[in-house]
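I set out to record what I looked up in this structure, entry by entry. The entries follow the order in which I consulted the model.

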Protein chains: 2
Amino acid sequence: MPGPAIASPWKKAPERRSERDLKREAVLTAAARVFSERGYHRTSLDEVAQILNVTKPTLYYYFKNKEAMLFACIQHGLDMLEAVGDADPAPGERTGMERLVAYLKRYAKVNETDFGRCAVRISDAELSDASRKKVRRIKTEIDRKIRELVSNGIEDGSIASSDPKITAFALAGALNSIGHWHQRDADMVGQKIADEYIALLVKGLAPRTR
Amino acid sequence: MPGPAIASPWKKAPERRSERDLKREAVLTAAARVFSERGYHRTSLDEVAQILNVTKPTLYYYFKNKEAMLFACIQHGLDMLEAVGDADPAPGERTGMERLVAYLKRYAKVNETDFGRCAVRISDAELSDASRKKVRRIKTEIDRKIRELVSNGIEDGSIASSDPKITAFALAGALNSIGHWHQRDADMVGQKIADEYIALLVKGLAPRTR
DNA sequence: TTTTTATGTTACCGACAAGTAAAATAGTTT
DNA sequence: AAACTATTTTACTTGTCGGTAACATAAAAA
């Protein structure tokens, strides 16, 4: 009978993740890319496997099934979007508008990633009831954050809006829509589009000079 | 050998469409509804047939295949959107901004229909190359129209925009995004949302009083 | 009545893709 | 060496669904 294993502290250093985790992550990254590019249903797991130079059953070693893969992709994307809200600097330092604009820029940046696009583009109708419920929870939280920023801006007078709820929807909707066509127009790249979008949303179409 | 049939003028009156056309249209309407609600891939033709109280092969009497159905739905939706541009009153009567806002409101209204949502929500990646090409042509035309309105507004000073191209994308994208929500939030109905969206786009978030 | 045309149904096929079982391989431990 | 563990493959099953063939029915035409 072997004695108790001696703990090797550097073996558990967080940056040294197990190979399994790395591979699982690679599967997820590949899935996110192809899901977001070609759509969930049009993507077969054989394709995902091929990208990784493995065969389909290998994927099942890392994920229970296709839906679990999609759920992980969407969740990761939503987690990134939610983290955008946590990077919000302490309220009071800047106006609500400034904080909102900074938030929207970070939000748009996440939407440029494969995970972000998965979260935004793929309908959660693909998911099981349980997964969808979790996804909806995070989406609600993100929406709440945007509304909060809008409300703060209204309070401090830096934002004019009659309805934070609809405004929050409109902002998210407008930014999410970027992901839908930006691959059609490869010439204008992400950040520029996002900046123009945000400028439009901030300033509006109507001229401000008189 | 029968003599030449005597033409019966009232038989060809345009409002008296053949039963076949009516049924074909019913198929299309049912397809548009369920495609836009549940998505193309998640919809089986058996479902569509069931809605109409027929069996699947009957659908094939009216359409060549599933993709032809989808194409007809999308095309009809896009035709409606394109018609929105034709309803534009003579230029010169009003400012570019007024014309654009009126356009956007009609556009949003179309997007409340099943066909409009099909056109906007379902990726044209589902279509064959030939169909997609046609669809893209109409989409380009719609985009051109929006750009034209924006440009006119810029010229007459009623619209402030640095880039009509991105602005047109942003406008369409924002309105299209309405279709993604509105079933989740049944309490706020279409036109109200659209009006708020448009108001935001026109006035912007930044307050105009000083 | 017979024939033709339009419309619909039953019963089926075939393909594709998700998912699984079980064997193969390689690395590690005993 | 032997045994065990982790990982991946080959080969297979299975369900779903788009699509079709062939027949049924009924109305209109001849």
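**Entry 1: the surface near DNA strand D.** I looked up the classes of the residues there and found 7 nonpolar, 4 polar and 6 charged residues. I count Ala, Val, Leu, Ile, Met, Phe, Trp, Tyr, Cys and Pro as nonpolar, Asp, Glu, Lys and Arg as charged, and the others, Gly among them, as polar. The model is predicted: local features need pLDDT of at least 70, side-chain atom pairs count only at pLDDT 80 or more, and totals for chains, interfaces and linings use all residues. Residues are numbered from 1 along each chain as its sequence is written, while chains are lettered from A and ligands numbered from 1 in the order in which they are written.

I then noted that 17 residues surround DNA strand D, the closest being Val54(A), Pro57(A), Leu45(B), Asn65(B) and Lys66(B). The elements giving two or more residues to this surface are α1 (19-38) and α3 (56-62) of chain A, together with α2 (45-51) and α3 (56-62) of chain B. A residue is near the strand if its C-beta atom, placed from the backbone, lies within 6 Å of it. Helices (H or I, at least four residues) and strands (E, at least two) are DSSP runs, numbered from the N terminus.

**Entry 2: chain A against chain B.** I found 35 residues of chain A in contact with 35 residues of chain B (C-beta atoms, placed from the backbone, within 7 Å). On the chain A side, α8 (164-181) and α9 (190-203) are the elements that give two or more residues. Helix α8(A) gives the most, with 11 residues. By class, I recorded 18 nonpolar, 11 polar and 6 charged residues on that side.

**Entry 3: symmetry.** I noted that a rotation of 180° with 0.0 Å of shift along its axis superposes chain A on chain B, with an RMSD of 0.1 Å (least squares on the C-alpha atoms of residues with pLDDT of at least 70 in both). This is the relation of a two-fold axis. In chain A, the C-alpha of Gly204(A) is the nearest to the axis, at 1.7 Å. I also saw that 100% of the contact residues of chain A recur in chain B, the same surface serving both copies.

**Entry 4: two helices of chain B.** I checked where α5(B) meets α7(B): Gly96(B), Met97(B), Arg99(B), Leu100(B) and Tyr103(B) face Leu149(B), Val150(B), Asn152(B), Gly153(B) and Glu155(B). These residues divide into 5 nonpolar, 3 polar and 2 charged.
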